[in-house]
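Entries follow in the order I looked things up.

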Amino acid sequence: MRILHGPVNVGNQPWVLSRAERQLGASSDLVVRNDTWLGYPADRMLSAENAGFAETAIRSAAFGLKNQWRYDVLHYYFGQTFLSPGFPLSAPGSVLSRASLVTDIANRLGTADLHAARLFNKKLFMTLQGCDVRLASEGNRRNEWTMCAPQHCELYQRCTDALDHRRHFLIEKVLPLFDRVFYLNPELGHVVPNGRFLPYSNVDVEQFDVAPPSTQGRLKIVHAPTAGRIKGTPMILNALEQLRSRYDFDLILVEKTSHEQALEIYRSADLAIDQVLAGWYGGFAVEMMAMGKPAACYIREEDMMFVPDAIRRELPVYRLNPGDLVESIAAILDRRSEWSTRGQASRRYVERWHNPKLIAKAMLDAYESPDSIFELAPGAD
């Protein structure tokens, strides 16, 4: 079985899963359109980080037309294929408005690509990761706390004006062409009715040494902001500033650094504060938990219907209340004596539910029989 992952590497998910599939005997490659400042690896990068959109799209389409047919399974990410790259979310509004015709052409190429793949009996899989399919206007109506609001995301108006339309096309016309669709954020279950929740497999947990949090001295809190405010970073910083008079801590912000450098910084921290608007934890929290660190974030209860019961029961993250961040963070800081135990539980949780070998095993079974029940076999206690 030959498996192709691509055309993007968001959060290192496809790379780690692909390596695990190789360890299980499959021929699995990751090909991405272009390199990024994060420095995530790939078997092949079709263009450089500084390549323009047109060059990147042409190289991507050329690879798709010529080479992807050599594979038995095509596993795409972030709602994209090699022939349908889409415009970057950060593209100026004027570009997006002028590009509607080009976008429609790209959409048609993408679906033509998928129809052709089905004619050649290729297995088609998609993993959705967030803003590729999240409907901003709907999320804003449904959720009390969400990144999809003008005060939390500078792209919100652009999403409601143009990008939500493309996401509807993806949901209604593109995703039904896939054998299986997975999503990494439980919130997406509201808009992808035929999809299935999939835990992150972005960490090769066996390669992560445990580095327990310190139990005394000046504590170190780490947060990894993304571009913009979608993690709720201003809210987190404001809450921590109010707590400085009550607690002795250093705040480490990790941004605009390579993934490898970021991991080195994480090892020195005692507590991870992840995101407080998405309603779930991200790959950053998984990396911290794999190191035996406690992690904190906002968990949206309304989305938990899409998460397997066993994962919900064992979830070790500290829960933050976006409406009262100061006191919910303070409650965690008051429990420092239990951080080591919580960190141990976090490591076990990652070994059970974010283990790439176990996820790859389930994925290989799904590639063989897409209609079969997709079941994760958790690691042993």
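This is a predicted model: local features need pLDDT of at least 70, side-chain atom pairs count only at pLDDT 80 or more; totals for chains, interfaces and linings use all residues.

Entry 1, largest cavity. I looked up what lines the largest cavity and found Arg134, Leu135, Gly139, Arg142, Glu187, Leu188 and Val191. I noted the terms: on a 1 Å grid over the protein atoms alone, a cavity is a set of points where a 1.4 Å probe fits but cannot get out, and lining residues have an atom within 4 Å of a point. The largest cavity holds about 40 Å³ of space. A volume here is the space filled by probe spheres set on the points, which are joined across faces, edges and corners. By class, I read 3 nonpolar, 1 polar and 3 charged residues in this lining. Ala, Val, Leu, Ile, Met, Phe, Trp, Tyr, Cys and Pro count as nonpolar, Asp, Glu, Lys and Arg as charged, and the others, Gly among them, as polar.

Residues are numbered from 1 along each chain as its sequence is written, and side-chain values use heavy atoms, with hydrogens and water left out.

How many cavities of 30 Å³ or more does a search of the whole structure find? It finds 2. The second largest cavity has about 30 Å³ of space. I listed its lining as Arg352, Trp353, Asn355, Leu358, Ile359, Leu376, Ala377 and Pro378. Helix 12 (339-353) and helix 13 each supply at least two residues of this lining; helices are DSSP runs (H or I, at least four residues), numbered from the N terminus. The lining divides into 6 nonpolar, 1 polar and 1 charged.

I searched the whole structure for disulfides and got 0. A disulfide is a pair of cysteine sulfur atoms within 2.5 Å. Cys297 is in no disulfide either, as the nearest cysteine sulfur, that of Cys131, is 16 Å away. Is Cys148 buried or exposed? Cys148 counts as buried, because its relative accessibility is 7%. Cys297 also counts as buried, at 1%. Buried means under 20% relative accessible area, exposed over 50%, and partly exposed in between (1.4 Å probe, protein chains only).

Terms used
On a 1 Å grid over the protein atoms alone, a cavity is a set of points where a 1.4 Å probe fits but cannot get out, and a pocket is an open set with protein on both sides within 12 Å along at least five of seven lines; lining residues have an atom within 4 Å of a point.
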